[in-house]
Amino acid sequence: MIDTVHANDPSAVIEADRAHVWHHLTQHKPFETVDPRIIVEGRGMRVWDIKGKEYLDAVSGGVWTVNVGYGRESIVRAIADQLMKLNYFAQSAGSIPGSIFAQRLIDKMPGMSRVYYCNSGSEANEKAFKMIRQIAYKRYGGKKYKILYRERDYHGSTLAAMSAGGQDERNVQYGPFAPGFVRVPHCLEYRRHEQEGAPSEHYGEWAADQIEQVILREGPDTVGGLCLEPVTAGGGVITPPDGYWEKVQEICRKYDILLHIDEVVCGLGRTGTWFGYQHYGIQPDFVTMAKGVASGYAAIACCVTTEAVFEMFKDDPSDKLGYFRDISTFGGCTAGPAAAIENMRIIEDENLLENTRKMGERLMNNLHELMSRHRVIGDVRGKGLFCGAELVADRSTKEPVEEAKVAAVVAECAAQGVIIGASNRSVPGRNNVLCLSPALIATPDDIDEITTAMDRALTKVFS
Ligand code: PLP
């Protein structure tokens, strides 16, 4: 139930919000006539808004974050205990939770070795970009400075992260962007008909070959890094086609290109393994993570790399600028790793990876069942508790439905008390994927409640 102490005057809170708060990724004009949604409390899978309405949260805090659910007292206590001992010291010194979490994290990531702390996904990605750039100077006289990124992937909101942004609508009006970032084509098999020359068989290998073509066009001696999401999130829940990742790894090895996997969404359990890349047997050079690392109980992000990369930065007295000259002030906050240790313990002790695989299967089955009855669903995709349903006006042409209809489905689900998401404001004309990412603690009843709400919403909006 709602905590009335914090919401004793809902209308004053709503008015203060309306007057002074700039919401993320939101058009504000509608707030002149509609109240902004203000979430005041959460327990398990559910949240309550300031008017007392209860929702089943099928998107883990809106953006794939609250992996272990709301109201976890043990995480709150771990943070409080740590803050009473030491809240902060710059990460040029170590900390107890920082050391312990790094050890536990690396235990889950064979082949990786070093953890660089910071506080957002964008920032973690920029750390990896800077390391790749500096390696280009160390080993190739600065020549191998280009970083490849993929159409429809997203790596953050800061300007360099946006320079590696494959979601056009997010980038419009914010350029010019940083040079040295080069786009490669997406690997969404459902839309292969829009890609010239894409075959109906062995599409995954073909899509990976397109990366090689870009490398050859740019010149392999100029390309230092390749940054990819293991499963693309906001760009439309794109699960990689068979054969894709094996070939990508091969290409990186062939041209001496560092592979950077952006696990900001998939990281810590979302797909049913600790990390998304672990489904595909690949060995990255960089792994970045943020959202699910502490489930939103504290801000924490990590850029994780190998001992081989770290070795290149080890202090060499003859090269005074050779170490990594970078800092993130809040990378020294101890609340983040303290929360992350407890978050990881919960995932292990409550067998949440297994639950994610089982509930993910149920969610996919339910989505397939919806697809069999709703012709507007053209494709369903997903891995673990990370699923999407692509809505099309016509199954044969795959013409996307109008974005307003996607928004209407999301709004109708919310009216029924289930919060779902959409591939919002990412690719113009392609924001037509309903996105689902419930917390890893979801039960069969939760999963069925989500798809029942979607069923009703689809019927209402499209009949
Ligand atoms: N990478 C991916 C795949 C993301 O989805 C996001 C955010 O949605 C980011 C990076 C950026 O993370 P942050 O918003 O913490 O900077």
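In the predicted model, helix α13 (residues 403-415) and helix α14 (residues 444-462) approach each other, their axes coming within 9 Å and crossing at roughly 135°. That angle makes α13 oblique to α14. The crossing of α13 past α14 is right-handed. On the α13 side, the contact is formed by K405, A408, V409, E412 and C413. These residues meet A453, M454, A457, L458, K460 and V461 of α14. By class, the contact of α13 with α14 holds eight nonpolar and three charged residues, with no polar ones.

A sheet was also examined. Four strands make up this open sheet, with mixed pairing and the order β1-β2-β3-β14. Its edges are taken by β1 (39-43) and β14 (418-419). Each edge strand has a single partner, so one side of each is left without a neighbour in the sheet. Strand β1 runs antiparallel to β2 (residues 46-49), and four bridges join the two. Within this pairing, R43 has R46 of β2 as its bridge partner.

A loop residue, L385, was considered next. L385 lies between β11 (377-382) and β12 (387-394). It counts as buried, because 32 C-beta neighbours fall inside 10 Å and the cut-off for burial is 20 or more. Leaving aside residues up to four places away in sequence, L385 touches R270, T356, M359, G360, L363, S437, P438, L440 and A442. The C-alpha atoms of L385 and E361 are separated by 8.3 Å, although the two residues stand 24 residues apart along the chain.

Terms used:
Residues numbered from 1 in each chain as written. Predicted model: local features only at pLDDT ≥ 70, side-chain atom pairs only at ≥ 80, totals over all residues. Pairing = 2+ DSSP bridges. Buried ≥ 20, exposed ≤ 12 C-beta atoms within 10 Å, placed from the backbone. Contact = placed C-beta atoms within 7 Å. Axes fitted to C-alpha atoms, helices over the stretch in contact; angles between N-to-C directions. Parallel < 35°, antiparallel > 145°, perpendicular 65-115°, else oblique. Left-handed = near helix turned anticlockwise from the far one by under 90°. Nonpolar A, V, L, I, M, F, W, Y, C, P; charged D, E, K, R; others polar.
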